[in-house]
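Let's walk through this structure together, from its surface to its core and then along its sheet. Please keep the view open as you read.

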Amino acid sequence: MALDPLLAIVVTLGLLGVLVAGFVVASRIRRRKAQPAAEPAQQREPVSIAVLERLGEGEGPRSYTLHRPLIAIGRGADNDIRIDPDVPGALTVSRRHAQIRREDVDYIVEDVGSTNGIRVNGLVTHRNLLRDGYHVSFGSVEFVFRTPESPTASRMS
(Lines give C-alpha, C1' and ligand atoms only; values in the text may rest on other atoms or scores of the structure.)
Protein backbone atom coordinates (compact mmCIF):
# COMPACT_ATOMS: atom_id res chain seq x y z
CA MET A 1 0.00 0.00 0.00
CA ALA A 2 2.94 2.31 0.44
CA LEU A 3 3.43 2.20 -3.33
CA ASP A 4 0.02 3.71 -4.11
CA PRO A 5 0.71 7.19 -2.60
CA LEU A 6 4.16 7.27 -4.23
CA LEU A 7 2.66 6.31 -7.60
CA ALA A 8 0.04 9.04 -7.22
CA ILE A 9 2.73 11.65 -6.55
CA VAL A 10 4.79 10.55 -9.59
CA VAL A 11 1.74 10.62 -11.86
CA THR A 12 0.71 14.05 -10.54
CA LEU A 13 4.18 15.47 -11.10
CA GLY A 14 4.25 13.96 -14.59
CA LEU A 15 0.93 15.57 -15.48
CA LEU A 16 2.11 18.94 -14.13
CA GLY A 17 5.24 18.65 -16.30
CA VAL A 18 3.14 17.97 -19.39
CA LEU A 19 0.90 20.97 -18.63
CA VAL A 20 3.87 23.32 -18.14
CA ALA A 21 5.49 22.10 -21.37
CA GLY A 22 2.19 22.67 -23.21
CA PHE A 23 1.97 26.26 -21.96
CA VAL A 24 5.58 26.96 -23.01
CA VAL A 25 5.01 25.59 -26.50
CA ALA A 26 1.71 27.48 -26.89
CA SER A 27 3.29 30.79 -25.84
CA ARG A 28 6.14 30.32 -28.34
CA ILE A 29 3.68 29.61 -31.12
CA ARG A 30 1.70 32.75 -30.24
CA ARG A 31 4.87 34.88 -30.24
CA ARG A 32 5.98 33.47 -33.59
CA LYS A 33 2.61 34.25 -35.17
CA ALA A 34 2.71 37.81 -33.81
CA GLN A 35 6.11 38.57 -35.41
CA PRO A 36 6.15 39.40 -39.15
CA ALA A 37 8.16 37.02 -41.26
CA ALA A 38 11.61 38.35 -42.11
CA GLU A 39 12.50 38.77 -45.78
CA PRO A 40 15.20 36.43 -47.03
CA ALA A 41 18.52 38.29 -47.48
CA GLN A 42 18.76 37.54 -51.21
CA GLN A 43 15.47 39.34 -51.90
CA ARG A 44 16.50 42.65 -50.34
CA GLU A 45 17.59 45.28 -52.82
CA PRO A 46 20.52 47.54 -52.10
CA VAL A 47 19.68 51.06 -51.01
CA SER A 48 21.70 52.41 -53.92
CA ILE A 49 23.57 51.34 -57.03
CA ALA A 50 27.16 52.55 -57.13
CA VAL A 51 29.31 53.67 -60.05
CA LEU A 52 32.99 53.36 -60.97
CA GLU A 53 34.28 56.44 -62.77
CA ARG A 54 37.50 55.95 -64.75
CA LEU A 55 40.10 58.67 -64.33
CA GLY A 56 42.78 59.67 -66.83
CA GLU A 57 42.92 59.75 -70.60
CA GLY A 58 41.93 57.23 -73.23
CA GLU A 59 39.01 56.02 -75.28
CA GLY A 60 36.14 53.89 -74.08
CA PRO A 61 33.54 54.31 -71.37
CA ARG A 62 34.35 56.58 -68.43
CA SER A 63 31.56 55.47 -66.09
CA TYR A 64 30.36 51.97 -65.16
CA THR A 65 27.20 51.22 -63.16
CA LEU A 66 27.65 48.40 -60.63
CA HIS A 67 24.17 47.04 -61.29
CA ARG A 68 24.78 43.33 -60.62
CA PRO A 69 25.78 41.49 -57.43
CA LEU A 70 29.14 40.50 -58.96
CA ILE A 71 31.08 42.62 -61.45
CA ALA A 72 34.19 41.19 -63.16
CA ILE A 73 36.94 43.63 -64.15
CA GLY A 74 39.81 43.13 -66.58
CA ARG A 75 41.05 43.34 -70.18
CA GLY A 76 39.28 40.17 -71.32
CA ALA A 77 36.13 40.42 -73.43
CA ASP A 78 34.12 38.36 -70.91
CA ASN A 79 34.41 40.99 -68.13
CA ASP A 80 31.55 43.27 -67.07
CA ILE A 81 34.00 46.19 -66.94
CA ARG A 82 36.43 45.72 -69.80
CA ILE A 83 39.53 47.92 -69.80
CA ASP A 84 39.93 49.01 -73.42
CA PRO A 85 43.41 48.46 -74.91
CA ASP A 86 43.54 52.18 -75.85
CA VAL A 87 43.34 53.23 -72.18
CA PRO A 88 46.80 54.29 -70.94
CA GLY A 89 48.10 51.58 -68.60
CA ALA A 90 45.72 48.91 -69.96
CA LEU A 91 48.58 46.42 -70.28
CA THR A 92 49.04 46.55 -66.47
CA VAL A 93 45.53 45.11 -66.11
CA SER A 94 45.19 41.33 -66.24
CA ARG A 95 42.63 39.68 -68.51
CA ARG A 96 40.70 38.73 -65.35
CA HIS A 97 41.97 41.20 -62.77
CA ALA A 98 39.42 41.80 -60.00
CA GLN A 99 35.79 41.69 -59.00
CA ILE A 100 33.43 43.93 -57.10
CA ARG A 101 30.85 42.10 -55.05
CA ARG A 102 27.71 43.73 -53.65
CA GLU A 103 26.84 42.36 -50.22
CA ASP A 104 23.50 43.88 -49.20
CA VAL A 105 24.34 47.61 -49.38
CA ASP A 106 28.14 47.25 -49.23
CA TYR A 107 30.54 46.93 -52.16
CA ILE A 108 33.75 44.93 -51.78
CA VAL A 109 36.60 44.91 -54.30
CA GLU A 110 38.76 41.79 -54.49
CA ASP A 111 41.83 40.81 -56.49
CA VAL A 112 41.29 37.51 -58.34
CA GLY A 113 44.94 36.66 -58.94
CA SER A 114 46.09 39.57 -61.07
CA THR A 115 49.72 40.24 -61.94
CA ASN A 116 49.83 43.91 -60.87
CA GLY A 117 47.31 43.89 -58.02
CA ILE A 118 44.77 46.42 -56.83
CA ARG A 119 45.14 49.53 -54.71
CA VAL A 120 42.51 51.36 -52.69
CA ASN A 121 43.42 54.96 -51.87
CA GLY A 122 47.01 54.17 -52.87
CA LEU A 123 47.41 51.15 -50.58
CA VAL A 124 47.95 47.65 -51.98
CA THR A 125 45.16 45.33 -50.89
CA HIS A 126 43.73 41.95 -51.78
CA ARG A 127 40.19 42.71 -50.55
CA ASN A 128 38.68 46.01 -49.42
CA LEU A 129 35.32 47.55 -48.52
CA LEU A 130 34.60 50.55 -50.77
CA ARG A 131 33.19 53.88 -49.63
CA ASP A 132 32.11 56.92 -51.64
CA GLY A 133 35.12 58.77 -53.06
CA TYR A 134 37.63 55.92 -52.63
CA HIS A 135 40.21 55.67 -55.42
CA VAL A 136 40.59 52.15 -56.81
CA SER A 137 43.42 51.15 -59.16
CA PHE A 138 43.57 47.99 -61.23
CA GLY A 139 47.21 47.86 -62.28
CA SER A 140 47.82 51.51 -63.18
CA VAL A 141 44.27 52.27 -64.38
CA GLU A 142 42.52 54.37 -61.75
CA PHE A 143 38.84 54.75 -60.89
CA VAL A 144 36.79 56.60 -58.28
CA PHE A 145 34.02 54.71 -56.51
CA ARG A 146 30.80 56.76 -56.27
CA THR A 147 27.45 56.16 -54.65
CA PRO A 148 24.27 57.95 -55.83
CA GLU A 149 24.28 60.09 -52.67
CA SER A 150 27.49 61.81 -53.82
CA PRO A 151 27.08 65.03 -55.89
CA THR A 152 29.38 63.77 -58.68
CA ALA A 153 27.51 60.46 -59.10
CA SER A 154 24.13 62.17 -59.46
CA ARG A 155 25.48 64.16 -62.43
CA MET A 156 26.72 60.94 -64.11
CA SER A 157 23.29 59.32 -64.36
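The chain exposes about 10,400 Å², and carbon and sulfur atoms supply 57% of that area; accessible areas come from the Shrake-Rupley method with a 1.4 Å probe, and for residues only the protein chains shown count as cover. This is a predicted model, in which local features need pLDDT of at least 70 and side-chain atom pairs count only at pLDDT 80 or more, while totals for chains, interfaces and linings use all residues. Residues are numbered from 1 along each chain as its sequence is written, and side-chain values use heavy atoms, with hydrogens and water left out.

Start with the overall layout. The chain has two helices and 11 strands, where helices (H or I, at least four residues) and strands (E, at least two) are DSSP runs numbered from the N terminus. Along the sequence, the pattern reads α-β-β-β-β-β-β-β-β-β-β-β-α.

Now look at helix H1, residues 3-34, where you will find Leu 19. Together with Ile 9, Leu 13, Leu 16 and Phe 23, Leu 19 makes a nonpolar surface patch of about 550 Å². Such patches are made of residues with over 30% relative accessible area and no salt bridge, with like charges joined within 9 Å and nonpolar side chains (Val, Leu, Ile, Met, Phe, Trp, Tyr) within 5 Å. A salt bridge is a side-chain nitrogen of Lys or Arg within 4 Å of a carboxyl oxygen of Asp or Glu.

What lies inside? Of the 157 residues, 31% are buried, meaning under 20% relative accessible area (1.4 Å probe, protein chains only). The largest nonpolar core has 23 residues, and Leu 52, Leu 66, Ile 100 and Phe 138 have the most contacts inside it. A nonpolar core is a set of buried Ala, Val, Leu, Ile, Met, Phe, Trp, Tyr and Cys residues joined through side-chain atoms within 4.5 Å. Strand E11 gives the largest share of this core, three residues. Phe 138 touches, among others, Leu 52, Ile 73, Ala 98 and Val 109; contact means heavy atoms within 4.5 Å.

Finally, follow the open sheet, whose five strands run in the order E4-E3-E5-E6-E9 with mixed pairing. Two strands pair if DSSP finds at least two bridges between them. At the edges, E4 (81-82) and E9 (127-130) each pair on one side only. E3 and E4 are parallel over two bridges, and Ile 73 has Ile 81 in E4 as its bridge partner. Ile 73 also stands opposite Ala 98 in E5.

Definitions and conventions. Buried < 20%, exposed > 50% of the residue type's maximum accessible area, 1.4 Å probe, protein only. Lists of a residue's contacts leave out its neighbours within four places in sequence.
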